[in-house]
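Please look through the model shown here, and then follow the questions and answers below, which go from single residues to the chain as a whole.

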Amino acid sequence: MSRTMPLILATALFMENMDSTVIATSLAAIAADIGTDPISLKLALTAYLVALAIFIPISSWMADRFGARRVFRVAMLVFMIGSIACAFSGSLAQFVGARFVQGMGGAMMGPVARLVLVRMTPRHQLVDAMAWLTIPALIGPIVGPPFGGFLTTYFSWHWIFIINVPIGILGIVLVGFVLPNDTRNRPRDIDGKGFVLAGLAFALFAFGCSVVSLPALPPVIGVVAASVGIGLGYFYTRHALGTEYPLLDLRLLKVRNFRIAIVAGTFFRLGQGATPFLFPLMLQLTFGLSPFESGMVTFAGAIGALAAKFVANWFFAHWGFKYPLVVSTAIGAAGILVMGFYDPSTPIPLILAVLVFTGFWQSMFWTGSNAFTFADIEDKDAGQANVMSQVWGQLMFAMGVALGGGTLELAHRLRGGEELALVDFHIAFYVVAAVGFIATLLFLRLPRNAGHQLLAGPGVH
């Protein structure tokens, strides 16, 4: 298929990824300016990811009901409005609310782009199409940290959100020319009850896990919220299994490769979700780096990720899915573990080299996993599979932030210090890396030929 469409669709992913890496670099400065502590800002990161988890489930229905092009462009507009609101936030509550609005827009951008590609791309070309979709998106993490750090250090953190406006306008214009406004599938009735149950379950569970370690709130609030979220999740499960067209069709978990991709990816995402929160904070709060200097370090991982996209198709075609997924998750977790040994005397070139190497393999995982998810999924279920993998992935990223922030705060409290210390970050990295390694063990259980149908050309069996 033409590579023009995935490249232009990736405008939205570029904006999202640049935004997420920029905010991670500027967390300490934002916290100081709005009068809160850096750990509390994990609520802002979680709010964005929870908004994704809540609204991604209706993205496929929205695209079928109103047309992919219209939904995609409105979503980019909502994302820009949220960005402007972030720039003018003066308190933690305002910032969290603005990030939630951004997440509402992001919930439609990425999944709709991915769904369009899945529907319009032959299965044997899916790995290549996914790689081209994510190439421009990876430019965001390369440009974002140093650019955002520069703005934060020498101007103001507010500008890191305003830069989304011209990018979004460009995306709206380009998408209007290339994206078909088709309604390929007749939209079925939306599962309103499921939407309410699942949305509340995701929001309360993520909120509870995030606030349980916040200094400003009693832990019981987090425990109660998370418990209610789990209870609602149980009721949603019963509802979904007894409904013909549920919001999230849990029956797809009976498909073996899809189930393994979801479950194993859970642990990898928990580890990877915590790292963008922990690493820039460690560099700034314990190494003494400025946001700009921190950004000049953290962007290195995106360089490795970008390089991986040019060889991913060849790599999976020659080695299949099992061993690249095993190796990539193992190296990804090892990269997090290594961060637990860094101190201010660690040579910066060594840190950069490790980030480039691990970024390459992390990117290899995302490309392979995104395609492998659809290995045994029928065309009629592609939309549901896309939604379920996206929702669960974003929720696990949110849990990763909660895991990293919670471990950091727990280590800090047990040590009894007044300020965060390097050892607190080290302990958090050890815990997060251990969780990430579980994904490697689960992918080892895949058969050697798992997902082979995605790699065969026309007429090849």
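Q: Does Asp424 count as buried or exposed?
A: This is a predicted model, in which local features need pLDDT of at least 70 and side-chain atom pairs count only at pLDDT 80 or more, while totals for chains, interfaces and linings use all residues. Residues are numbered from 1 along each chain as its sequence is written, and side-chain values use heavy atoms, with hydrogens and water left out. A residue is called buried under 20% relative accessible area, exposed over 50% and partly exposed in between, with a 1.4 Å probe and protein chains only. Since the relative accessibility of Asp424 is 1%, this residue counts as buried.

Q: Which residue forms a salt bridge with Asp424?
A: A salt bridge is a side-chain nitrogen of Lys or Arg within 4 Å of a carboxyl oxygen of Asp or Glu. The closest N and O atoms of the pair that includes Asp424 are 2.8 Å apart. The partner is partly exposed, at a relative accessible area of 37%, and its name is Arg415.

Q: In which helix do Arg413 and Glu409 both lie?
A: Helices (H or I, at least four residues) and strands (E, at least two) are DSSP runs, numbered from the N terminus. Arg413 and Glu409 form a salt bridge whose closest N and O atoms are 3.0 Å apart, and Arg413 is partly exposed at 43%, whereas Glu409 is buried at 5%. The two residues are four apart, about one turn of the helix, and that helix is α18.

Q: How many salt bridges does a search of the whole structure find?
A: Side chains of opposite charge can pair when their charged atoms come close. Over the whole structure, the number of salt bridges found is three.

Q: What distance separates the C-alpha atoms of Gly149 and Pro291?
A: Gly149 sits in helix α7, residues 126-154, and is buried, with 0% relative accessibility. Contact means heavy atoms within 4.5 Å, and, not counting residues up to four places away in sequence, Gly149 touches Thr25, Gly144, Pro291 and Phe292. Although Gly149 and Pro291 are 142 residues apart along the chain, their C-alpha atoms are separated by 4.4 Å.

Q: Which residues is Thr358 in contact with, leaving aside its neighbours within four places in sequence?
A: Thr358 belongs to helix α17, which covers residues 348-372. With 7% relative accessibility, Thr358 counts as buried. Once its neighbours within four places are set aside, the residues in contact with Thr358 are Ile331 and Gly335.

Q: How many helices does the secondary structure of the chain come to?
A: The chain has 461 residues, of which 58% count as buried. Among contacts between residues at least 6 apart in sequence, 85% join residues at least 24 apart. The secondary structure holds zero strands, and the number of helices is 19.
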